[in-house]
Amino acid sequence: MPCKKKLIYSKLPNQWFFFNPTIILNDTNFYKISNKIGVVFFTNNLKIREFCKKIEPYVKWCKKRNIKFVIPLSHFWAHKYKPFGVLVDLKFTQKNKFIIQQLENKYLVFSKVHDFKEAFVAKTLSDLIFLSPVFKTLSYPKKKPLTNYIFISLCFFFKEKVIFALGGVNNKNFKFIKNSKLYGFGAISNFKDQV
């Protein structure tokens, strides 16, 4: 069920700033990113309506700067904000399958994959995949990183998709995991450190 929209790799950022304005108090880092970096708006606790209202000023800023952005899956908010893509929570894919079918021709479908169980779901639903967590992270210290074997296996499993590494990845350590299947990476703290 992947998006029919053709991926133009020259227009696809290879780095993505995962940004949640409800937990990141200092948003000055957000306003310093270039338009070569994409933004993934994500939430862990707020309801989608509250969260999407909260990100409105950031969405407007992205549009002014021609920054590609991704929002959590929502039919209403996708039509309102016209994002580059939508982020699917794989735990709720059956509930949201109908919404994905309505949006997949207009927007790219992104997902975060933590194991092979999620991988099987993501393979049919998503266009772009974030494999997570690759390293230990400050944001989610209790989550164990993927073993090298699982990480490489997932890269080959998704060989026909666009794959990004996520979780503790930065410009320095990305070169240690870079392989022919990986297009780039997503991060939080990497962008804090850059500005």
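**Strand pairing, core and pocket in a predicted model**

Strand 2 (residues 38–41) and strand 3 (residues 69–72) run parallel and are joined by two bridges; strands are DSSP runs of E with at least two residues, helices are DSSP runs of H or I with at least four, and both are numbered from the N terminus. Two strands are taken to pair if DSSP finds at least two bridges between them. The model is predicted, so that local features need pLDDT of at least 70 and side-chain atom pairs count only at pLDDT 80 or more, whereas totals for chains, interfaces and linings use all residues. Residues are numbered from 1 along each chain as its sequence is written, and side-chain values use heavy atoms, with hydrogens and water left out.

Strand 3, helix 3 (residues 75–81) and strand 4 form a right-handed β-α-β unit; a crossover is right-handed if, with the strands pointing away from the viewer, the path from the first strand over the helix to the second runs clockwise.

Strand 4 (residues 85–88) is joined in turn to strand 5 by four bridges, and the two run parallel. The bridge partner of V88 in strand 5 is S111. Four bridges likewise join strand 5 to strand 6 (residues 128–131), again in parallel, with K112 opposite F130 of strand 6. Between strand 5 and strand 6 the chain passes through helix 5 (residues 116–125), and this β-α-β crossover is right-handed. Five of the six residues of strand 5 (residues 108–113) are buried, where buried means under 20% relative accessible area, exposed over 50%, and partly exposed in between (1.4 Å probe, protein chains only).

The protein chain as a whole has eight helices and eight strands. Of its 195 residues, 49% count as buried. Contact is defined by heavy atoms within 4.5 Å. Among contacts between residues at least 6 apart in sequence, 58% join residues at least 24 apart.

In soluble globular proteins, nonpolar side chains tend to be buried together. A nonpolar core is here a set of buried Ala, Val, Leu, Ile, Met, Phe, Trp, Tyr and Cys residues joined through side-chain atoms within 4.5 Å. The largest such core has 50 residues, of which F30, V39, F41, V113, L131, F151 and F158 touch the most other members. Not counting residues up to four places away in sequence, F41 touches F19, F30, F51, I55, Y58, V59, C62, F69, V70, I71 and P72. A second, separate core contains 16 residues, among them V40, F84, F164 and I188.

In helix 6 (148–157), the residues F151, S153, L154, C155 and F157 are buried. The buried residues of this helix pack against strand 5, helix 5, strand 6, strand 7 (162–166), helix 7 (174–177) and strand 8 (182–187).

The largest pocket holds about 1100 Å³ of space. A pocket is found on a 1 Å grid over the protein atoms alone, as an open set of points where a 1.4 Å probe fits, with protein on both sides within 12 Å along at least five of seven lines; lining residues have an atom within 4 Å of a point. Grid points are joined across faces, edges and corners, and the volume is the space filled by probe spheres set on the points. The lining comprises 39 residues, and T43, N44, L87, D89 and K112 are the closest to the pocket centre. Strand 4 and helix 4 (93–103) each supply at least two lining residues; helix 4 provides the largest share, with three.

Several backbone features fall in loops. The loop between strand 6 and helix 6 holds P133, which is joined to S132 by a cis peptide bond with omega of about -15°. P145 lies in the loop between strand 6 and helix 6 and is partly exposed, at 28% relative accessible area. Apart from neighbours within four places in sequence, P145 is in contact with P133, V134, F135 and K136. The C-alpha atoms of P145 and G168 are separated by 9.0 Å, although the residues are 23 apart along the chain.

Most residues other than glycine have a negative phi, and most peptide bonds are trans. N66, in the loop between helix 2 (56–65) and strand 3, has a positive phi near 60° and counts as exposed at 56% relative accessibility. K82, in the loop between helix 3 and strand 4, has a positive phi of about 50°.
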